Amino acid sequence: MGVNMMSWSMQVALVVALAFLVGGAWCGPPKVAPGKNITATYGSDWLEAKATWYGKPTGAGPDDNGGACGYKDVNKAPFNSMGACGNLPIFKDGLGCGSCFEIKCDKPAECSGEAVVVHITDMNYEQIAAYHFDLAGTAFGAMAKKGEEEKLRKAGIIDMKFRRVKCKYGEKVTFHVEKGSNPNYLALLVKYVDGDGDVVGVDIKEKGGDAYQPLKHSWGAIWRKDSDKPIKFPVTVQITTEGGTKTAYEDVIPEGWKADTTYTAK
């Protein structure tokens, strides 16, 4: 009898283990395919999405105030802790970094229904909806009625609406020369781009040069150039946004530049 019971228990354990291996755990929301990419020209219609939040309740999201875009100051102006992890069609492997969205919610009762603006500063690969914003605690609470922020955060996953809007950072475009940059290797983090907000192309023109040379997209909002010979500074940087706007910043990376230093457009 003991052998038969043990045999039955083992069979049940094997069936459960196989179910997890084949189908995964059956708790939690079902996986949903991502929606179409939200481009700079998609329009102004409100779209449906799911919202969650992470980090400290009144924080900026990541513990280091950074994220997958490479920013390190999302708790400060102009981000002001209003950051969001966009899923695949919003983050777009980093090419969506810096883009801006209006978000709002109508339920539960704590929702104000008023739109607030968030910035894409991080990535999110949770497949709980075609569009999913994993928001900084501050940003999630901003959708609530005044005084109801904490109650709304306790709701966990909620339905929300969103639409892409033009960014109004109110800051000059900045270029952070990343750690590890040297005369033959230049890595730039680009941020505070008004308008489209995101950057899909970066080119540089070296001192005395006539033509622009394209940088490769590294990750997040970081672009890099590997050169066989030393890069000649100062360097003019041209950025291209998703909507096709090209803007050049003459000699923005000066001669005598230093790694881990931010240079502001004139």
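Reader: Let's start with C69 and C97: are they buried or exposed?

Author: Both C69 and C97 are buried. Keep in mind that this is a predicted model.

Reader: And what joins C69 to C97?

Author: The general idea: a disulfide is a covalent bond between the sulfur atoms of two cysteines. Here, a disulfide links C69 and C97, with an S to S distance of 2.1 Å. It ties distant parts of the chain together, 28 residues apart: C69 sits in the loop between β1 and β2, C97 in the loop between α2 and β3.

Reader: Why is the disulfide of C69 and C97 called left-handed?

Author: Look at the torsion about the S-S bond: for C69 and C97 it is about -90°, so the link is left-handed.

Reader: How many disulfides does a search of the whole structure find?

Author: The search turns up 3. One of them pairs C100 with C167, sulfurs 2.0 Å apart. C100 lies in strand β3 and C167 in the loop between β6 and β7, 67 residues apart. With 115° about the S-S bond, that link is right-handed. C100 is buried at 1% relative accessible area, and C167 is buried at 3%.

Another disulfide joins C105 and C111, again with sulfurs 2.0 Å apart. Its torsion is about -105°, so it is left-handed.

Reader: What is the pairing if I number the bonded cysteines in sequence order?

Author: You get 1-2, 3-6, 4-5.

Reader: Why is the sulfur of C85 too far for a bond?

Author: The cut-off for a disulfide is 2.5 Å. The closest cysteine sulfur to that of C85 is in C69, 8.8 Å away, so a bond is out of reach. C85 is buried too, at 2% relative accessibility.

Technical notes: Residues numbered from 1 in each chain as written. Predicted model: local features only at pLDDT ≥ 70, side-chain atom pairs only at ≥ 80, totals over all residues. Heavy atoms only, no water. Helix = DSSP H or I, 4+ residues; strand = E, 2+ residues; numbered from the N terminus. Buried < 20%, exposed > 50% of the residue type's maximum accessible area, 1.4 Å probe, protein only.
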